Amino acid sequence: MSGRSGFHTRLIALTRKETRQLLRDRSNLLVGLLLPFALILLFGYGLSFDVENAPVAVVLEDRSPGARDIVAGLDGSPYLAPVMVASMADAEALMRARKVDGIVRLPVDFSAARAAGDGRVQLIVNGADSTTATAIEGYVNGALQTASLHAADRAGVGARGGVTLVQRTWFNEAGNSRWYLVPGLLVLVMTLIGAFLTSLLIAREWERGTLESLFVTPVRPTEIVLSKLAPYAVIGAIDVVICLICARFMFDVPIRGSLLLIIFASLLYLIVSLLLGLFISGATRNQFAASQMALLASFMPAMMLSGFVFDLRNVPLAIQIIAQALPATHFMQLVKTLFLAGTIWPIVIKSCAILAAYAVLLAVLTRRTLAKRLD
Amino acid sequence: MSAPDPTVAIQGLIKRFDAPDGTPFDAVDAVSLTVRAGELTALVGPDGAGKTSLMRMMAGLLSPDAGTLSVLGIDVRADPQSVQDRISYMPQRFGLYEDLSVQENLDLYADLHGVPQAVRRERFGRMLEMTDMARFTARPAGKLSGGMKQKLGLACTLVRSPDLLLLDEPSVGVDPLSRRDLWKIIEQLIADERLSVIVSTAYMDEAERCAQVFVLNRGRLLAEGSPEALRRRAEGLTYVAEPVAGLPPRDVQARLIDDPGSIVDAVPKGGRIWFIRRPETDEAALRALLPDTRFAPRAPELEDAFMLLLHAHEDGDGTGGTGTPAHEAAGRDGGGDIQADDDAPVIVVRDLVRRFGDFTAVASTSFDVHRGEIFGLLGPNGAGKTTTFRMLCGLLPATSGHLEVAGRDLRTARAQARARIGYVSQKFALYANLSVRENLDFFAGAYGLSGARAQDRIGAVIDQFQLDPRAPSGILPTGYKQRLAMAAGLLHEPEILFLDEPTSGIDPLARRAFWRTITALARSGVTIVVTTHFMEEAEYCDRIAIQDAGRMLALGTPAEVRAQAGGDAADMNAAFIAIVEQGRVDDRQDRHAA
């Protein structure tokens with residue numbers, strides 16, 4: 001009855017036990033199924049680098065039709081909301097009160113200077129919020145360029161020499177930061193759910209003394225690991241589906257690569273994430289320490305270092321090396337590629353191989369923490 | 001001689017651990033022993049004797065540092081899994097899955113042991129019948145009482161008939177009724193299946209049932225043999241003393257135990273005092289020690305031999321693990337004897353009721369406690385002791401009834417009443433990472449003591465309990481921790497001291513010292529209310545109350561309670577079981593009549 005022949009019986013018995021415990025523990029189930037929703041709503045709507053209807057004070061010292069054209073151009077932009085003010089002093093007061101994010105000033109001699117080919121517009125932005133400042137700078141520039149092109153058109157004059165930059169953004173044509181963030185959310189959700197849910201499992205059994213009884217039975221450590229993985233993998237798979245549906249239908253993020261590959265890669269990363277939680281749980285043997293560690297070792301780095309928000313090429317070498325060691329970084333790259341760029345096989349194969357290697361390594365380490373020893 | 005292979009064969013086994021302060025010590029120190037097949041074998045010894053380490057090594061959960069260990073003919077170190085496939089092991093705290101039902105727990109262990117369905121049905125039926133749990137199969141294990149959990153743990157361990165059964169203190173913290181039920185199951189299985197069983201225990205009446213007994217202390221094997229053989233070691237040294245009328249037995253006991261030069265041990269029992277003399281003490285010396293008390297030799301018990309062995313080992317070692325009691329200082333404080341039968345009671349309880357929803361935890365309970373009295377609250381697990389206790393301490397409001405502590409009505413003046421009581425909880429409730437002194441400083445502040453008075457009191461309790469102020473509290477031995485907890489509870493010189501199972505998990509030597517302190521405190525006028533699972537400790541009390549299912553079944557002096565239980569109940573354990581069982585029969589008849 002012992003050894004290999006009992007493997008199936010024992011695995012089924014243990015999995016049934018884990019499933020029952022999961023279903024009876026409301027709080028764990030809530031974390032598993034509702035937290036992804038909360039995260040998606042929070043990050044999807046709360047975290048955006050796009051600026052819409054930014055209030056900008058416009059000081060029109062030159063009241064010529066040419067200057068009015070420029071203002072009309074600013075008004076037409078969906079990203080800016082010009083506020084006309086009488087003087088520079090008023091504009092500065094609004095800026096100090098944070099009522100506006102920028103000031104556009106057209107000096108008295110604007111039309112005259114433009115006629116001489118040297119039209120200047122002053123732009124002041126609030127550097128305290130650099131993301132918004134950069135965005136406003138870009139929008140004002142764009143609006144001015146459009147306006148001067150229109151003016152040239154009307155004058156029937158072609159571009160006078162010089163170089164015109166024709167800019168195009170690939171993969172995220174609109175430059176919509178949501179396209180860029182939502183696929184990354186899939187990584188965050190998988191990381192949090194995986195590591196957090198399983199980080200309590202083995203530690204709880206150590207604390208309650210259930211492992212000591214379990215060890216002195218024909219049970220093998222591998223069976224314990226597999227039985228703890230199975231029910232939580234099902235919860236995680238439900239979360240993958242939730243994330244994909246939200247990405248596609250709530251945020252209109254395109255899925256340009258293979259949907260099947262996205263699902264496969266997510267499940268692979270899910271296993272890595274669950275095993276990381278289990279390993280931490282087995283290594284600390286303490287529920288409190290394990291949940292803290294899981295947060296520190298998985299969610300935080302996945303948020304900061306995986307390329308979720310910040311481009312990893314701009315960070316110091318040491319941080320880059322740490323980032324490359326994180327499974328989250330590889331999954332992040334893969335997911336963004338599959339969502340926005342399409343199925344690029346070299347990246348798919350490389351990332352999946354790395355994730356699979358992590359899964360194997362963590363499985364071996366976790367199994368070792370369950371060696372039937374109390375010392 | 002073609003004896004079968006021994007079940008367990010151990011040669012020179014050593015297990016080394018690091019003490020909390022970093023120095024290594026041998027938890028199991030060069031132990032060699034052989035356990036025969038088909039027998040019930042006991043490992044007895046105080047806390048820290050090495051019983052649990054030894055069992056864990058047999059179960060393959062700890063690897064020995066030296067020596068050889070074979071179980072069922074298998075070298076455990078080389079192949080622990082093969083041993084684990086064939087034995088069953090019940091750890092001290094059996095890990096039931098509390099969110100699974102009784103039936104689900106049983107099914108899980110049956111699956112893990114690969115018990116076939118056909119065998120299972122018969123086995124479960126028998127287990128549930130023996131444990132009297134057939135009604136509760138759907139109940140989550142977490143909602144069972146302590147005794148029931150322990151029985152379920154045993155049932156899970158015994159879902160199949162193992163080649164060797166290891167039980168690590170199966171009855172610790174379990175009330176006498178559940179304890180008796182557990183042993184019924186074990187003995188029936190031994191009779192039916194010729195099981196080989198190794199059980200570790202701190203109860204001598206349990207060791208008495210075994211064929212072979214191994215006595216351990218601080219990692220060393222002190223003695224081995226059948227209970228008869230061990231008992232003979234105390235032959236001629238054991239006596240019983242009959243105190244003159246009106247003198248509390250515990251006073252005579254105190255006089256004897258205060259003379260360790262001539263007396264090994266003394267305990268009150270059935271209104272008399274059982275004691276052991278040192279081999280070098282003659283009867284003339286005894287007569288000098290007990291001038292007005294009649295005493296006579298009695299037949300030795302296993303416990304006598306055990307105490308003799310322990311004392312010899314501790315004395316020979318010179319380190320004296322448990323320390324001496326601090327009763328002298330406590331005794332002086334009060335300035336002479338204060339009789340227990342003072343006029344006004346310090347605790348008055350009338351028709352006390354506590355309900356939790358539909359469930360009545362305490363039903364219409366009334367009693368008084370007088371100044372300087374030791375009042376014992378006894379009852380099986382889930383009887384309502386803890387609830388009563390918490391209401392008395394003002395930690396839990398009563399649903400109805402009158403409750404007066406130290407002259408204050410607990411309904412209206414809870415804070416004033418609390419300032420006059422001390423409370424020592426069952427679990428060590430001090431800060432483990434603070435030193436003894438820092439803990440006492442904190443508690444002095446918490447009780448509102450400051451300045452010179454706080455310093456005086458802290459100094460006084462450190463002297464009284466002979467504590468080392470610099471020692472970190474977390475790594476103290478259990479007996480020491482208990483003393484520190486008592487010291488903290490006595491800082492503000494309370495009139496009443498509440499002790500919730502103060503001796504559970506403490507070895508017999510430390511327990512004697514502990515009770516000596518308690519009786520000295522009572523003499524100095526402090527009123528003591530105590531709960532306990534050790535029925536022999538009821539003998540130290542002036543009066544005891546027995547509760548079951550929230551109802552008060554007996555109230556009176558130990559002698560009165562024994563009398564209520566009927567003629568032949570000589571010891572407190574039997575009296576307790578008889579009273580609780582009679583109470584349950586009456587309860588059932590009442591319900592039928594209604």
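The model is predicted, so local features need pLDDT of at least 70 and side-chain atom pairs count only at pLDDT 80 or more, while totals for chains, interfaces and linings use all residues. For finding your way, residues are numbered from 1 along each chain as its sequence is written, and chains are lettered from A and ligands numbered from 1 in the order in which they are written.

Colour the helix around your selection: Val234(A) sits in helix H10 (residues 221-250) of chain A. Helices (H or I, at least four residues) and strands (E, at least two) are DSSP runs numbered from the N terminus. Now draw a distance to Leu267(A), 33 residues apart from Val234(A) along the chain; their C-alpha atoms are separated by 9.8 Å.

Next, move to Ala266(B), in strand E12 (residues 263-269) of chain B. Is Ala266(B) buried or exposed? Ala266(B) counts as buried because it has 25 C-beta neighbours inside 10 Å. Show its contacts (C-beta atoms, placed from the backbone, within 7 Å): not counting residues up to four places away in sequence, Ala266(B) touches Gln253(B), Leu256(B), Ile257(B), Ile273(B) and Phe275(B). A distance drawn from Ala266(B) to Ile462(B), 196 residues apart along the chain, gives 27 Å between C-alpha atoms.

Select Leu166(B), Phe498(B) and Ile528(B), which have the most contacts inside the largest nonpolar core, a set of 236 residues. Such a core consists of buried Ala, Val, Leu, Ile, Met, Phe, Trp, Tyr and Cys residues joined through C-beta atoms within 7 Å. Its largest share, 14 residues, comes from helix H7 (residues 177-198) of chain A. Apart from this core lies another, of 21 residues, including Ile70(A), Leu106(A), Val125(A) and Val140(A). Back at Ile528(B), leave aside neighbours within four places in sequence and you will find contacts with Ile374(B), Phe375(B), Leu497(B), Leu499(B), Ile518(B), Leu521(B) and Ala522(B).

Two helix pairs come next. Show H15 (residues 436-446) and H16 (residues 451-464) of chain B, which pack at an angle of about 135° with axes 10 Å apart (axes are lines fitted to C-alpha atoms, for helices over the stretch in contact, and angles run from 0 to 180 degrees between N-to-C directions). That angle makes H15(B) oblique to H16(B); angles under 35 degrees count as roughly parallel, over 145 as roughly antiparallel, 65 to 115 as roughly perpendicular and the rest as oblique. Leu440(B), Asp441(B) and Ala444(B) of H15(B) meet Ala454(B), Arg457(B), Ile458(B) and Val461(B) of H16(B).

Then show H6 (residues 176-193) and H20 (residues 572-593) of chain B, packed at about 95° with axes 9 Å apart. H6(B) and H20(B) are therefore roughly perpendicular. Pick out Pro176(B), Leu177(B) and Arg180(B) of H6(B), in contact with Asn573(B), Phe576(B), Ile577(B) and Val580(B) of H20(B).

Finish where the chains meet: 25 residues of chain B are in contact with 27 residues of chain A. On the chain B side, helix H2 (80-86), strand E6 (87-90) and helix H3 (102-112) each give two or more residues. H3(B) gives the most, with five residues.

Terms used. A residue is buried if 20 or more other C-beta atoms lie within 10 Å of its own, exposed if 12 or fewer, and partly exposed in between; C-beta atoms are placed from the backbone. Two residues are in contact if their C-beta atoms, placed from the backbone, lie within 7 Å.
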